[in-house]
Amino acid sequence: MIRHLVLFKLNDGVARDEPRVVAGVEAFRALGDQIPELRFWECDWNITDRPIAYDFAINSAVEDTDALQRYLEHPAHQAGVAQWREFATWVIADYAF
């Protein structure tokens, strides 16, 4: 299994309640039901306000690197990424478990 973690940081001046951010969150929340390769899917806002904290997180799992690639290329994932690209930056980590 491969764990796929993503941490998002909203760009300066971007608020969680902006319509484009709300739409981006909805797009990512829906992925768990749209992409068959996902064996585990959760995402939500960070609940801490520490200065080093990121704002939003995705924690997911797929069977193997081929499944990860199919997930990354899936049109629903690509659509969500395109939305988030407009208002955030992110870091990822993928590891076997």
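This is a predicted model: local features need pLDDT of at least 70, side-chain atom pairs count only at pLDDT 80 or more; totals for chains, interfaces and linings use all residues.

Residues are numbered from 1 along each chain as its sequence is written, and side-chain values use heavy atoms, without hydrogens or water.

Start with the sheet. It is open, has four strands in the order β2-β3-β1-β4, and pairs antiparallel. From one strand to the next, the twist averages 10 degrees. Strands (E, at least two residues) and helices (H or I, at least four) are DSSP runs, numbered from the N terminus. Two strands count as paired if DSSP finds at least two bridges between them.

Now take the pairs in turn. β1 (residues 2–10) and β4 run antiparallel, joined by nine bridges. Here K9 has T89 of β4 as its bridge partner. Seven bridges join β1 to β3; F8 partners F56 in β3. Six bridges link β2 to β3, with E42 opposite N59 of β3.

β3 is mostly covered: six of its seven residues are buried (under 20% relative accessible area, with a 1.4 Å probe and protein chains only).

Helix α2 (residues 65–73) lies across β1, β2, β3 (56–62) and β4, at about 35 degrees to β1. Helix α3 (residues 75–85) packs on the sheet, touching β1, β2, β3 and β4; contact means heavy atoms within 4.5 Å. The direction of α3 makes about 140 degrees with that of β4. Axes are lines fitted to C-alpha atoms, for helices over the stretch in contact, and angles run from 0 to 180 degrees between N-to-C directions.

Definitions and conventions. Buried means under 20% relative accessible area, exposed over 50%, partly exposed in between (1.4 Å probe, protein chains only).
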